[in-house]
Amino acid sequence: MDTRVPGPAVRSPDGSRIVAMTEGAPQRRGTAAHKVLNNNVVISLDDQGRERVLMGRGLGFGLKPTDTLDPAKVEKTFILESGEDGERERRMLTETPYPVIEAVSRSVDQAERALGHHLGRRLTIAVIDHIQFVIERLDKGIRIPTASMPELRVLHPQEFAAATAMAASISAALERELPAEEAVFLTMHLLNATRDEPNGTAALLFRRVQHVVLTVENGLGVTLDVESPDYARFVLHIQFLLQRLVSRTMLRSSDSSFFEFAKHSYPRSFAIAQEVKAYVRAATESELTDEELLYVIVHVERLAAQVGAAPADGGDPPDVLA
């Protein structure tokens with residue numbers, strides 16, 4: 001007989017399930033342990049003969065194969081991958097301390113509620129693997145640095161906020177401080193779990209935006225103020241520009257007078273825009289129109305004024321942006 005704790009079960013399209021028992025994961029009374037990985041992780045077989053991972057504190061303690069599981073101890077359950085991926089996951093779950101598994105699982109539950117999106121088994125497995133890797137390196141005095149990637153806060157504020165909360169939750173549960181940059185790594189994991197855009201993932205789009213920002217900073221010889229409205233507008237514009245390239249809806253105009261004015265009046269910004277155009281061509285095999293290039297020039301000129309870069313040309317940038 002099946003028993004359920006009240007609450008909606010969450011199931012992914014591929015049939016995997018990663019939900020807390022208190023959120024409605026169904027468990028069958030009398031389920032037998034098939035393999036005991038450790039005191040907290042047990043493998044059982046479902047009706048279709050698939051291996052199902054059951055996790056919970058003390059769930060596997062003293063159990064032998066064919067012993068009956070206590071459903072009240074089951075906190076998480078999901079179907080294991082088959083083949084080499086399944087073997088790797090099984091080995092990782094066997095070797096990773098359960099507090100890490102528990103802390104990550106709970107943080108993923110929180111992120112699912114915050115984003116209103118089922119994040120899937122693969123995300124939980126990937127984050128468990130990542131966090132354990134980070135902890136092992138920290139224990140050895142090794143810290144893997146990363147850029148702060150402020151563009152993430154502009155392009156993906158919800159995912160960045162959820163990732164920041166995940167990092168804080170894991171740190172609190174494990175009673176140890178994780179590096180601040182973990183919010184960046186976790187955001188990238190969330191993006192890959194929640195979005196899949198044409199011609200690549202959201203993470204790929206983000207890397208391209210980041211490359212364009214770096215191109216502009218190098219061209220101006222400055223570090224941009226990531227807290228400024230002009231910076232936020234520029235990053236969003238580049239994101240939309242790259243998305244328009246994919247959807248083939250680039251801006252076009254029969255009036256070239258603004259472009260010619262900007263090209264001759266702001267040679268430094270035009271040269272930087274040309275570098276952006278060359279990068280976009282190499283990365284996407286698409287060509288920016290003069291209209292798209294005009295907006296890049298204007299944004300770069302505004303950014304130069306914002307950071308006080310020494311003017312290489314005269315006057316204020318044309319006010320063609322709403």
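Me: Which residue in the turn of the hairpin between strand 4 and strand 5 has a positive phi?

Reply: Heads-up: this is a predicted model, where local features need pLDDT of at least 70, side-chain atom pairs count only at pLDDT 80 or more, and totals for chains, interfaces and linings use all residues. Residues are numbered from 1 along each chain as its sequence is written, and side-chain values use heavy atoms, with hydrogens and water left out. Strands (E, at least two residues) and helices (H or I, at least four) are DSSP runs, numbered from the N terminus. Five residues sit between strand 4 and strand 5, and the one in the turn with a positive phi, about 80 degrees, is G49.

Me: How many bridges join strand 4 to strand 5?

Reply: Two strands pair if DSSP finds at least two bridges between them. Strand 4 and strand 5 run antiparallel, and V42 stands opposite L54 in strand 5. The number of bridges joining these two strands is five.

Me: Now the other neighbour: in strand 4, which residue is the bridge partner of V36?

Reply: Strand 3 (residues 35–36) is joined to strand 4 by two bridges, and the two run antiparallel. They also make a hairpin, with four residues joining one to the other. Look across from V36 into strand 4 and you'll find V42.

Me: And which residue in strand 6 is the bridge partner of L54?

Reply: Strand 5 also pairs with strand 6, in the antiparallel sense, over four bridges. In strand 6, its bridge partner is T77.

Me: How many of the five residues of strand 4 are buried?

Reply: A residue is buried under 20% relative accessible area, exposed over 50%, and partly exposed in between (1.4 Å probe, protein chains only). By that cut-off strand 4 is mostly covered. Of its five residues, the number buried is four.

Me: Which residues of strand 6 point the opposite way from K76 and F78?

Reply: Strand 6 covers residues 76–79, and all of these are buried. K76 and F78 point one way. Pointing the other way are T77 and I79.

Me: What is the C-alpha to C-alpha distance between D46 and I79?

Reply: D46 is in the loop between strand 4 (41–45) and strand 5 (51–55), and is buried at 16% relative accessible area. Leaving out residues up to four places away in sequence, D46 touches R52 and I79 (heavy atoms within 4.5 Å). D46 and I79 are 33 residues apart in sequence, yet their C-alpha distance is 8.8 Å.

Me: On to the aromatics: what is the angle between the ring planes of F259 and F270?

Reply: Rings of Phe, Tyr and Trp (its six-membered ring) pair if their centres lie within 6.5 Å; planes under 30 degrees apart are stacked, over 60 edge-to-face, and the rest tilted. The structure holds two such pairs. F259 and F270 form an edge-to-face one, 6.2 Å centre to centre, and the angle between their planes is 65 degrees.

Me: Which helix holds F270, and are F259 and F270 buried or exposed?

Reply: The pair links distant parts of the chain, eleven residues apart: F259 is in helix 9 (residues 257–265), while F270 is in helix 10 (residues 267–284). F259 has 7% relative accessibility, and F270 has 17%. So the helix holding F270 is helix 10, and F259 and F270 are both buried.

Me: Why is the pair of F261 and Y266 called edge-to-face?

Reply: F261 is partly exposed, at 44% relative accessible area, whereas Y266 is buried at 2%. Their ring centres are 6.2 Å apart. The pair is edge-to-face because the planes stand at 80 degrees.

Me: What is the phi of E285?

Reply: Most residues other than glycine have a negative phi. E285, in the loop between helix 10 and helix 11, is exposed at 75%. Its phi is positive, near 60 degrees.

Me: How many residues of helix 11 are buried?

Reply: Helix 11 (residues 290–307) has 18 residues. The helix is largely enclosed by the rest of the structure, because the buried ones number 13.

Notes. The expected span of a helix is 1.5 Å times one less than its number of residues.
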